[in-house]
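Colleague: I'm new to this one and would like a close look at a single part of it. Could you bring it up first?

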Amino acid sequence: MLIFSAELIGTMIVIILGDGVVANVSLNKSGMKGAGSIQITLAWGFAVLLPAFIFGAASGAHFNPAITLALAIDGSIAWSLVPTYIAGQFAGAFLGAVIVYILFKGQFDATEDANTKLAVFATSPSVPNKGLNILSEAVGTFLLVFAIKGIGNAADLAPGVDKLLVFGTITSIGMSLGGLTGYAINPVRDLCPRIAHAILPIKGKRDSNWGYAWIPVFGPIIGAIAAVFVFSTIPW
């Protein structure tokens, strides 16, 4: 129950702050509209950092099914815990997206562009190319998981420094690769808010682009599994 609660609340915080910054800088009548990509990438890093400090001791602060599956594959967590982790992550991501909609409803109503509204919830490629798009998500997640495993090898880190290094990793991935596909690097970060977009009564919304939705689900899973496999082959 502790793991489920930690992953639910932690993932909810990630999505409130992560999708929230996209709404904050892109929707009409937002006081920070136009702030741009630097604010988005930094805010997404902080969106993970905050709940990681809160729930790191409780669940390991995965907030990401790709990480959970990869850590189960390499034996870091028991397979019996995987459904609990993922259930919490799915529920938290969906609730976080609903909260963002409620908070920004006036701004959604004032925004005419349907693509901008979808972009608050879900990622999309700047150049549609399924092969390269899934590779981008896989490479970004590979870097994230490989860094997490490597940070775990670092000796004598002061308490909390590991979480700051993960913040730096996420921010770096966003600033370097984010322009390709929006760097979901987390299946529930994209899928659950996309479901919320489809269900919620958002004024003037478009379809939820389900033809692309599988890429930010399977790309991160492929990248995370590759990362733990490569990491395990290195003779540390």
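At what angle do helix α4 and helix α9 pack, and how far apart are their axes?

Modeller: Before the answer, a word on the source: this is a predicted model, where local features need pLDDT of at least 70, side-chain atom pairs count only at pLDDT 80 or more, and totals for chains, interfaces and linings use all residues. Residues are numbered from 1 along each chain as its sequence is written, and side-chain values use heavy atoms, with hydrogens and water left out.

Now the pair. Helix α4 covers residues 82-103 and helix α9 residues 187-199; they pack at about 50°, with axes 8 Å apart. Helices here are DSSP runs (H or I, at least four residues), numbered from the N terminus. The axes are lines fitted to C-alpha atoms over the stretch in contact, and angles run from 0 to 180 degrees between N-to-C directions. Angles under 35 degrees count as roughly parallel, over 145 as roughly antiparallel, 65 to 115 as roughly perpendicular and the rest as oblique, so α4 and α9 are oblique to each other. Their crossing is right-handed (the near helix is turned clockwise from the far one by less than a right angle).

Who touches whom? On the α4 side the contact (heavy atoms within 4.5 Å) is made by Q89, F90, A93, F94, A97 and V98. From α9 come V188, L191, C192, P193, I195, A196 and I199. By class, that contact holds twelve nonpolar residues, one polar and no charged. Nonpolar here takes in Ala, Val, Leu, Ile, Met, Phe, Trp, Tyr, Cys and Pro; Asp, Glu, Lys and Arg are charged, and the others, Gly among them, are polar.

For comparison, take another pair. Helix α3 (residues 65-73) and α7 have axes that come within 11 Å and cross at roughly 55°, so α3 and α7 are oblique to each other too, and their crossing is right-handed. There, A66, I67, A70 and L71 of α3 meet T141, L144, V145, I148 and K149 of α7. That contact has seven nonpolar residues, one polar and one charged.

V145 also turns up in the largest nonpolar core, which has 54 residues; V145 is among those with the most contacts inside it, as are W44 and F108. Such a core is a set of buried Ala, Val, Leu, Ile, Met, Phe, Trp, Tyr and Cys residues joined through side-chain atoms within 4.5 Å, where buried means under 20% relative accessible area (1.4 Å probe, protein chains only). Helix α1 (residues 2-26) gives the most to this core, with nine residues.

Technical notes
Helix = DSSP H or I, 4+ residues; strand = E, 2+ residues; numbered from the N terminus. Buried < 20%, exposed > 50% of the residue type's maximum accessible area, 1.4 Å probe, protein only.
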